[in-house]
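Thanks for coming. I will go through one model today, starting with a term and then moving to contacts, a pocket and a surface patch.

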Amino acid sequence: MKTSAELKTDVMDELMFEPSIHEAGIGVAVEDGVVTLSGHARSYAEKLAAEEAAKRVDGVQAVANELKVELWPGFQRDDTDVAHAAAHALRWNTWLPANSVTASVSDGWVTLEGSVPWQYQRQEALLAVQRLQGVKGVTNRIEVEPAVKATEVERKIQSAFQRAASLDARQVHVETSGSRAILHGKVRSFAESQDAERAAWSVPGVTSVRNETEIVVQDLSEL
């Protein structure tokens, strides 16, 4: 089991290793496996990249991303420019149904609204706008419309678990209420917990996933 100091060192090394991140402006604090990122990022995309880099580190159980976005002078855009760019990005995205998602912008913060049949489309809309110049943050209010009968959801999620090479399907269980899924069980890392959540979201008709899996970090000295 890593100490907080060892985990902090590993997270800082991972931030330095990631070429899309300027780590000099980022502070790292660790307590009981929870990583807190503070300081500033040069773009919203960099803020997200820092969070993903921290999540990749073995032993990390959660990440609190408190980075503030301070845009590069050359990347600053007014809200009208950002709104036009977001509208084009959504309209030209081949994964999104026509006119299914709209974007509004206030002080660089983009709010997405609308409805789509699948969770991957909701995520695709988010990806389409979060790397645009001038974006300081994104709120995703897009709703997923159920596409299958509620009785099929649990069976399909469990099947998705069994297909996923990164998951021990015997240790992760799902409870459903209509189109909503609750995940239980034990996983070996934060990354595996996210894989379970992504597998549940991949099932058509799922509109909500609550991840209550427990991360159990194995002590290598016991092997």
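A residue is called exposed here when its relative accessible area is over 50%, and buried when that value is under 20%. Asp-107 has 57% relative accessibility, so it counts as exposed. Keep in mind that this is a predicted model.

Asp-107 forms a salt bridge with Lys-136, with 3.5 Å from N to O. This pair links distant parts of the chain, 29 residues apart: Lys-136 is in the loop between α4 and β7, and Asp-107 is in the loop between β5 and β6. Lys-136 is partly exposed, at 31% relative accessibility.

Lys-55 and Glu-52 are both in α2, 3 residues apart, about one turn of the helix. Their closest N and O atoms are 3.7 Å apart, and they form a salt bridge. Lys-55 is buried at 12%, whereas Glu-52 is partly exposed at 38%.

Arg-188 and Glu-192 also form a salt bridge, at 2.9 Å. Here Arg-188 is exposed, at 52%, and Glu-192 is buried, at 5%. The whole structure has 10 salt bridges.

Now the pocket. The largest one holds about 830 Å³. Its lining has 20 residues, and Glu-52 is among those nearest the centre, together with Gln-123, Leu-126, Gln-194 and Arg-198. Helix α4 gives the largest share of that lining, 7 residues. By class, the lining has 7 nonpolar, 6 polar and 7 charged residues.

Last, the surface. Trp-95, Trp-118 and Tyr-120 make a nonpolar patch of about 330 Å². Tyr-120 belongs to α4 and is partly exposed, at 39%.

Key:
Residues are numbered from 1 along each chain as its sequence is written. This is a predicted model: local features need pLDDT of at least 70, side-chain atom pairs count only at pLDDT 80 or more; totals for chains, interfaces and linings use all residues. Side-chain values use heavy atoms; hydrogens and water are left out. On a 1 Å grid over the protein atoms alone, a cavity is a set of points where a 1.4 Å probe fits but cannot get out, and a pocket is an open set with protein on both sides within 12 Å along at least five of seven lines; lining residues have an atom within 4 Å of a point. Grid points are joined across faces, edges and corners, and a volume is the space filled by probe spheres set on the points. Helices (H or I, at least four residues) and strands (E, at least two) are DSSP runs, numbered from the N terminus. Ala, Val, Leu, Ile, Met, Phe, Trp, Tyr, Cys and Pro count as nonpolar, Asp, Glu, Lys and Arg as charged, and the others, Gly among them, as polar. Patches are made of residues with over 30% relative accessible area and no salt bridge: like charges are joined within 9 Å, nonpolar side chains (Val, Leu, Ile, Met, Phe, Trp, Tyr) within 5 Å. Accessible areas come from the Shrake-Rupley method with a 1.4 Å probe; for residues, only the protein chains shown count as cover. A salt bridge is a side-chain nitrogen of Lys or Arg within 4 Å of a carboxyl oxygen of Asp or Glu. Buried means under 20% relative accessible area, exposed over 50%, partly exposed in between (1.4 Å probe, protein chains only).
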